[in-house]
Amino acid sequence: MCCYDLHSHSTASDGTLDPACLVEKAHAAGVTVLALTDHDTLDGLAEAAQAVSGLDLSLIPGVEISVTWQAMTIHILGLNVDTHNQVLSEGLQELQEIRHWRAGEISRKLANKGIPEALEGADRFRKGKIISRTHFAHFLVESGYAASLRDVFKRFLVKGKPGYVRSQWVTMERALGWIRQAGGLPVIAHPARYGLTRSKLSRLVGEFRKAGGVGLEVVSGSHSRDETLHMAAVCREHELFASCGSDYHGPEKPWVELGRLHRLPQGCIPIWEAESWPLALAV
Ligand code: AMP
Ligand code: MN
Ligand code: MN
Ligand code: MN
């Protein structure tokens with residue numbers, strides 16, 4: 001029996017375990033198929049691929065792309081992408097630059113509110129090329145501005161708060177184009193996290209499908225059971241494949257664990273049954 005976890009992060013983006021540690025931990029947790037899906041980068045994948053050799057664990061090279069759709073940020077996973085594809089790599093580079101621009105703006109806004117040198121502070125928590133709000137969050141907690149990672153987003157880093165900067169990521173069409181050119185399967189990440197009404201979710205899924213999207217992350221570490229059941233219905237209605245992933249970021253968020261996921265609800269077709277899923281991983 002395979003145990004799939006198709007959404008996770010390492011120090012290449014905003015996770016706290018390096019790729020080799022992440023692989024080890026996933027293996028120890030009983031995961032047999034792991035996707036490393038760092039935000040807007042493929043940098044952790046080579047190390048992760050090395051770490052799985054000799055283990056009874058298959059690595060799916062993945063990525064989680066930041067997309068702006070109708071003025072909202074939506075995360076699109078690309079599963080099983082070719083890490084050498086130039087179109088994808090160049091596209092991700094664009095996002096990395098947007099992230100650096102945004103980080104400077106976040107730092108400037110925080111300085112105006114009496115929190116100096118936040119960029120330097122966040123940089124101390126950054127191990128890869130990507131700079132994320134999570135790095136600012138670690139800095140703000142360490143400096144005593146907030147009690148916990150959960151607390152710090154609410155107080156500083158979301159819309160309407162002192163360190164929030166709106167950014168224009170890439171369009172869904174472009175992100176899906178990159179994923180497909182790299183031979184990957186596009187999946188909407190944690191669809192219940194965007195606070196969408198039923199009709200808006202339908203519109204998102206419709207446009208996603210039109211652009212070549214194939215999957216919905218029905219089971220997620222950030223979905224409640226009810227949200228999972230709702231997304232299962234959406235998945236069936238729109239004839240998408242269902243995916244499952246913890247969205248693991250490291251032991252600092254102990255409420256999310258690798259591989260500890262509910263089964264996909266009845267009637268959902270798992271993404272690993274898609275024709276283009278790597279055959280070497282067939283159950
Ligand atoms: P970014 O892509 O840089 O805007 O950062 C988004 C990341 O911040 C997400 O991928 C999560 O890892 C993290 N994040 C967002 N909201 C929260 C929250 N409320 N609590 C903890 N982490 C969060
Ligand atoms: Mn993250
Ligand atoms: Mn996400
Ligand atoms: Mn994620």
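The legends below describe close-up views of a predicted model.

**View 1. The manganese ion (ligand 4) and the residues that coordinate it.** Four residues hold donor atoms for the manganese ion (ligand 4), namely H7 and H9, each through NE2, E64 through OE and D247 through OD, at distances of 2.1 to 2.2 Å. Along the sequence these donor residues follow the spacing H-x1-H-x54-E-x182-D. Another manganese ion, ligand 2, lies 4.7 Å from the manganese ion that is ligand 4.

**View 2. The histidines H7 and H9.** H7 has a relative accessibility of 0%, and because buried means under 20%, H7 counts as buried. H9 likewise has 0% relative accessibility and therefore counts as buried.

**View 3. The largest pocket and its lining.** This pocket has a volume of about 1,400 Å³, and 41 residues line it, with H75, R133, F153, H190 and R193 lying nearest its centre. Two or more lining residues come from each of strand 3 (58-69), strand 4 (72-79), helix 3 (86-112), helix 5 (133-142) and helix 6 (149-157). Helix 6 gives the largest share, which is five residues. Sorted by class, the lining of the largest pocket contains 16 polar, 13 nonpolar and twelve charged residues.

**View 4. The second largest pocket and its lining.** The space in the second largest pocket amounts to about 430 Å³, and its lining is made of 13 residues, among which M1, C2, R263, L264 and W272 lie nearest the centre. By class, the lining of the second largest pocket divides into ten nonpolar residues, two polar residues and one charged residue.

Methods:
Residues are numbered from 1 along each chain as its sequence is written. Chains are lettered from A and ligands numbered from 1 in the order in which they are written. This is a predicted model: local features need pLDDT of at least 70, side-chain atom pairs count only at pLDDT 80 or more; totals for chains, interfaces and linings use all residues. Side-chain values use heavy atoms; hydrogens and water are left out. Donors are N, O and S atoms within 2.8 Å of the metal (3.2 Å for Na, K and Ca); water is not among the atoms, so sites may look incomplete. Buried means under 20% relative accessible area, exposed over 50%, partly exposed in between (1.4 Å probe, protein chains only). On a 1 Å grid over the protein atoms alone, a cavity is a set of points where a 1.4 Å probe fits but cannot get out, and a pocket is an open set with protein on both sides within 12 Å along at least five of seven lines; lining residues have an atom within 4 Å of a point. Grid points are joined across faces, edges and corners, and a volume is the space filled by probe spheres set on the points. Helices (H or I, at least four residues) and strands (E, at least two) are DSSP runs, numbered from the N terminus. Ala, Val, Leu, Ile, Met, Phe, Trp, Tyr, Cys and Pro count as nonpolar, Asp, Glu, Lys and Arg as charged, and the others, Gly among them, as polar.
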